[in-house]
Amino acid sequence: MDAAEDELLDAMRASDLEALDRLISDDLKFIDPEGTVLTKKADLEAHRTGATNFARIEETNRRTLESDGSGTTDTTARAVLHINGSQIEIQLLWHREWRIIDGRWQVLTGSVVVLD
């Protein structure tokens with residue numbers, strides 16, 4: 001599961017839609033820092049259009065719990081984002097619930113909060 005989290009962070013950095021599509025469950029429910037619940041479609045669209053654009057994600061801490069085809073990751077990172085033409089440096093904590101779906105790890109639910 002740690003390898004899947006690594007792949008997801010790499011896909012987020014690159015806005016790699018193919019990798020994101022593979023790593024995110026079709027049933028994704030993800031809560032952003034404003035409390036908005038996002039679907040997989042909305043998340044992929046944000047990367048496709050550049051609304052979500054990570055210039056950098058530097059992981060500073062990770063906690064992983066895994067058991068019987070499911071698990072969680074809590075990943076803290078310093079990030080640089082480009083949002084609406086502005087660059088923002090921020091510290092974030094992602095919490096993700098992972099499940100093995102169709103033979104591979106996929107994010108089913110999650111959230112991100114601002115730590116700064």
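I looked up Leu 8 and, setting aside neighbours within four places in sequence, found it in contact (heavy atoms within 4.5 Å) with Leu 20, Leu 23, Ile 24, Arg 96, Trp 98 and Val 107. I note that the model is predicted, that local features need pLDDT of at least 70 and side-chain atom pairs pLDDT 80 or more, and that totals for chains, interfaces and linings use all residues. Residues are numbered from 1 along each chain as its sequence is written, and side-chain values use heavy atoms, without hydrogens and water.

Leu 8, Met 12, Phe 54 and Trp 94 touch the most other members among its 25 residues. Helix α1 (2-14) is one of the elements that each supply at least two residues, and α1 gives the most, with 5. Helices (H or I, at least four residues) and strands (E, at least two) are DSSP runs, numbered from the N terminus.

I then turned to Thr 75, which lies in strand β4. Is Thr 75 buried or exposed? Thr 75 counts as buried because its relative accessibility is 0%; buried means under 20% relative accessible area, exposed over 50%, and partly exposed in between, with a 1.4 Å probe and protein chains only. Leaving out residues up to four places away in sequence, I found that Thr 75 touches Glu 5, Leu 9, Glu 59, Asn 61, Arg 62, Leu 92, Leu 93 and Trp 94.

Methods: A nonpolar core is a set of buried Ala, Val, Leu, Ile, Met, Phe, Trp, Tyr and Cys residues joined through side-chain atoms within 4.5 Å.
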